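Please keep the structure open beside you as you read.

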Amino acid sequence: MTKLTSQERVSRAFAHKPHDRVPRSESFWPDTITRWKKEGLMGGSREVLELLETDFHNINWLWPRPFPGDEQLVSEDAETHVVRDESGRLLRRWKHKSGTPEHLGFECDSREIWEKKYKPAFMETGLQINPAATMRAYREGRGKGRWCMLNAVESFEQTRAIIGDEVTMIAMAEDPDWVRDISQTVTDIALQNLDAAMATGITPDGLFVYGDMAFKTATFCSPQMYKDLIWPDHKRFADWAHAHRMKFIYHTDGNVNNAIDLYLEAGFDCLQPLECKAGMDIRKLCPKYGDKMAFFGNIDVMAMKDNNLAVIEHEIASKFAAGMKTNAYIYHSDHSVPPQVSWETYKAVIELVKKYGQY
């Protein structure tokens with residue numbers, strides 16, 4: 001087949017049509033790039049993606065906050081600092097390394113506080129997307145022939161960020177109308193922001209929505225509770241994307257095997273990143289769902305971090321063989337590449353991706 005542009009390649013993959021090679025993308029922890037620079041990388045993550053010949057181009061990042069721009073330092077020591085962030089969370093962050101911050105507390109821990117302070121704050125923030133910057137990024141991606149996508153955070157991730165995991169889980173059982181209200185409110189605001197970006201005249205190819213709704217063994221709630229409380233707003237995102245002739249990609253870590261049928265019912269086009277240690281495996285998923293959904297990721301970073309090229313090659317070869325049978329597989333690790341992976345190893349990963357990804 002004649003070599004395709006990235007936009008053509010990814011579009012054909014989403015349509016389950018033949019194309020020239022597996023589309024590619026990747027993400028990295030900041031500490032990983034720091035290590036690689038010491039080991040000879042010239043540049044940063046952008047340069048790594050160019051070596052990979054990435055096919056995707058992100059044109060924005062949208063995570064609406066109730067108090068945008070209002071982050072307050074509470075305390076600090078030699079290794080960490082504690083802040084009250086734009087979502088009202090009390091977080092401890094590390095100064096000299098990347099990673100998930102420690103959640104110390106949430107001001108919005110009751111429905112009363114949500115209704116009196118946080119919901120009005122959300123409603124009054126105005127646009128939290130920069131339409132002009134989004135349009136410039138879109139033009140850059142189009143100039144490179146890449147598949148351009150908008151990015152947003154979905155309502156379950158938002159709910160957990162506003163009221164915390166513990167309160168969220170209890171409220172889902174004891175006060176479901178409150179959870180629905182948060183979910184609907186933040187989804188309304190996200191879609192209003194995305195509408196503002198589209199009003200500039202851009203025509204992106206996809207909408208990538210981020211949110212983690214599962215842990216290692218299962219989803220945070222039952223499929224039925226998800227269908228009742230959060231799924232309607234996930235479907236609104238998918239419907240919005242399809243109304244604008246975009247594909248809808250959903251990112252979640254964890255084991256979501258029991259939710260895939262609901263994803264299909266909502267119109268999800270693609271699932272990413274398919275976390276291996278949580279039991280996600282495209283060698284099992286593709287025979288069952290490969291004609292209905294694209295799969296994006298699932299190359300185990302735990303296999304990469306030991307820097308054993310034989311193990312890595314088996315991982316890539318076997319996963320690619322399964323995914324490529326569907327014409328709808330996209331390369332990505334099953335999580336951001338960690339700093340245990342050497343630059344020599346990741347350069348070898350790139351060559352293996354190119355070797356096994358040719359149709």
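Helices (H or I, at least four residues) and strands (E, at least two) are DSSP runs here, numbered from the N terminus. With that in hand, look for Ser 25, which sits in the loop between helix H1 (6–14) and H2. The model is a predicted one, in which local features need pLDDT of at least 70 and side-chain atom pairs count only at pLDDT 80 or more, while totals for chains, interfaces and linings use all residues. Residues are numbered from 1 along each chain as its sequence is written, and side-chain values use heavy atoms, with hydrogens and water left out.

Is Ser 25 buried or exposed? With a relative accessible area of 11%, Ser 25 is buried; the cut-offs are under 20% for buried, over 50% for exposed and partly exposed in between (1.4 Å probe, protein chains only). Leaving aside residues up to four places away in sequence, Ser 25 touches Leu 52, Thr 54, Phe 56, Phe 296, Tyr 331 and His 332, where contact means heavy atoms within 4.5 Å.

The loop between H1 and H2 also holds Arg 21. The side chain of Arg 21 meets that of Asp 55 in a salt bridge (2.9 Å, N to O), a term for a side-chain nitrogen of Lys or Arg within 4 Å of a carboxyl oxygen of Asp or Glu. Because Asp 55 lies in the loop between helix H3 (45–52) and strand S1 (56–58), this pair ties together parts that are 34 residues apart in sequence. Both Arg 21 and Asp 55 are buried.

By this rule the count comes to 35 salt bridges. Asp 281 and Arg 283 form one of them, at 3.0 Å, N to O; Asp 281 counts as buried at 16% relative accessibility, whereas Arg 283, at 33%, counts as partly exposed. Asp 291 and Lys 292 form another, at 3.3 Å, N to O. There, Asp 291 counts as exposed at 59% relative accessibility, and Lys 292 is partly exposed with 47%. Salt bridges also link Arg 46, Glu 50, Glu 140, Lys 144 and Arg 146 in a network.

Now step back to the domains, whose bounds come from an automatic or database domain assignment. Domain 1 covers 6–66 + 109–356 and domain 2 covers 68–107, with their C-alpha centres 24 Å apart. Across the boundary, 16 residues of domain 1 are in contact with 11 residues of domain 2. The two domains bury about 1200 Å² between them, 48% of it on carbon and sulfur atoms; buried area is the accessible area (1.4 Å probe) that two parts lose on being put together, summed over both.

How many salt bridges are there between domain 1 and domain 2? The count is 1. Glu 107 forms a salt bridge with Lys 117, the closest N and O atoms being 2.9 Å apart. On the side of domain 1 that touches domain 2, the elements giving two or more residues are helix H2 (30–38), helix H4 (111–124) and helix H6 (155–163). H6 gives the most, with 4 residues.

At its start, a side-chain oxygen of Glu 154 reaches to within 2.9 Å of the backbone nitrogen of Phe 156. Just after H6, Gly 164 takes a positive phi of about 90°.

How values were computed
A polar contact is a pair of N or O atoms within 3.5 Å; within protein, one must be able to donate a hydrogen and the other to accept it, and residues adjacent in sequence count only if both atoms are side-chain atoms.
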